[in-house]
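Dear colleague,

I am passing on the structure we talked about, and below it you will find my notes on what turned up when I went through it. Please read them with the structure open beside you.

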Amino acid sequence: MADNKRPESMERITTPELAQQFIDEQIKALQEQIGDGKVLLALSGGVDSSVVAAMLIKAVGKQLTCVHVNHGLLRKGEPEQVIEVFRNQMNANLVYVDATDRFLDKLAGVTDPEQKRKVIGGEFIRVFEEEARKLDDIRFLAQGTIYPDILESGVVKAHHNVGGLPEDLTFELVEPIKFLFKDEVRVVGKELGLPDGMVYRQPFPGPGLGVRCPGAITRDRLEAVRESDAILREEFAKNGLEGKVWQYFTVVPDFKSTGVRDDKRSFEWPVIIRAVNTRDAMTATVEDVPFALLQHITARITSEVPGVNRVLYDLTPKPTGTIEYE
Ligand code: XMP
């Protein structure tokens with residue numbers, strides 16, 4: 001489709017000046033498209049939807065309503081950051097829905113990875129639909145579609161749209177960054193004043209921590225994933241690895257092994273650390289994390305995360321391992 005092709009004349013956005021120019025142009029275009037209409041946006045807190053939100057706030061202010069669905073599979077501190085940045089600092093209309101119980105109840109006992117993704121995706125659409133129906137006169141749906149999503153759709157995971165909404169809920173789409181590549185989105189996000197933690201965030205899958213809690217998700221094991229991930233991120237940031245390593249996270253597999261704690265036998269989960277570098281996520285190499293840092297992280301995780309008695313480091317490149325575990 002012609003309007004889904006990046007114009008050849010479009011300059012690559014690499015500097016703050018080019019970003020500002022892009023923002024000014026888009027604000028004008030958004031104001032023209034939207035007029036005095038109302039816009040809805042599913043705001044995950046990822047860089048793409050955050051950039052779209054920040055641009056729309058500048059363009060149409062309170063005509064925008066952002067819906068942040070907490071599916072219970074977000075990383076530690078993420079919902080709080082979305083509320084702080086968009087509601088408190090940018091004064092946006094933000095609907096925050098804590099749907100943790102709904103998602104985790106639906107996921108109880110679901111072991112198949114594809115089925116888990118379907119449950120999460122399906123429930124997300126239902127929660128979003130319910131919120132959309134509570135609002136009157138919404139004409140537009142904004143999406144953080146970026147150019148790779150268009151190029152990849154049908155081939156790989158196109159993970160950005162809220163496709164699947166029922167037919168009686170039809171909106172005109174607003175996609176202001178659909179011709180941008182990820183690095184350009186980040187330059188624009190920085191220029192819009194979004195915090196670095198949002199702009200330079202590592203990729204995070206739509207199904208969230210759900211794919212890092214292999215097999216049937218339980219609340220206690222999910223907490224072990226969330227807490228160990230928070231420790232890993234904190235230590236990588238403190239030790240200068242945050243901007244250097246492409247993606248890093250923890251996984252808590254569904255088995256227990258024997259250990260010893262306070263002179264007693266323990267029977268607890270292991271935490272697996274994964275830290276990889278890649279250009280396009282099709283192949284990946286393992287980061288050579290300093291051994292002393294791995295030991296320090298191990299000590300913190302085994303003492304601070306309930307239910308964990310071991311820490312393992314995944315040495316597997318892609319192939320043969322994928323980056324995620326499900
Ligand atoms: P794999 O595991 O296939 O991951 O080597 C490659 C990249 O894609 C991300 N990923 C996902 N992103 N929804 C997403 O939005 C998903 O279901 C999903 N699965 C994997 C993964 O984090 C890595 O960056």
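What radius of gyration would a compact globule of 326 residues have, and what does the chain have? For 326 residues a compact globule would have a radius of gyration near 20 Å, and the chain has 21 Å, so the two agree. Please keep in mind that this is a predicted model. The C-alpha trace spans about 70 × 40 × 40 Å along its principal axes, and 51% of the 326 residues count as buried. Of the contacts in the chain with a separation of 6 or more, 76% are between residues 24 or more positions apart. The accessible surface comes to about 16000 Å², and 52% of that belongs to carbon and sulfur atoms.

The chain has 10 helices and 10 strands, and an open sheet is built from 5 strands in the order β3-β2-β1-β4-β5, with parallel pairing. Because β3 (93-98) and β5 (172-174) stand at the edges with a single partner strand each, one side of each is left without a neighbour in the sheet. Neighbouring strands of this sheet are turned by 30° against each other on average, if direction is ignored. Within the sheet, β1 (residues 38-42) and β2 (residues 64-70) run parallel and are joined by 4 bridges, and L41 stands opposite C66 in β2.

Helix α1 (residues 16-34) lies across β1, β4 (138-142) and β5, running at about 170° to β5, whereas helix α5 (residues 113-134) lies across β1, β2, β3 and β4, running at about 155° to β1.

Conventions:
Residues are numbered from 1 along each chain as its sequence is written. This is a predicted model: local features need pLDDT of at least 70, side-chain atom pairs count only at pLDDT 80 or more; totals for chains, interfaces and linings use all residues. Side-chain values use heavy atoms; hydrogens and water are left out. Two strands pair if DSSP finds at least two bridges between them. Helices (H or I, at least four residues) and strands (E, at least two) are DSSP runs, numbered from the N terminus. Axes are lines fitted to C-alpha atoms, for helices over the stretch in contact, and angles run from 0 to 180 degrees between N-to-C directions. Contact means heavy atoms within 4.5 Å. The radius of gyration is taken over C-alpha atoms; the globule rule is 2.2 Å times the number of residues to the power 0.38. Buried means under 20% relative accessible area, exposed over 50%, partly exposed in between (1.4 Å probe, protein chains only). Accessible areas come from the Shrake-Rupley method with a 1.4 Å probe; for residues, only the protein chains shown count as cover.
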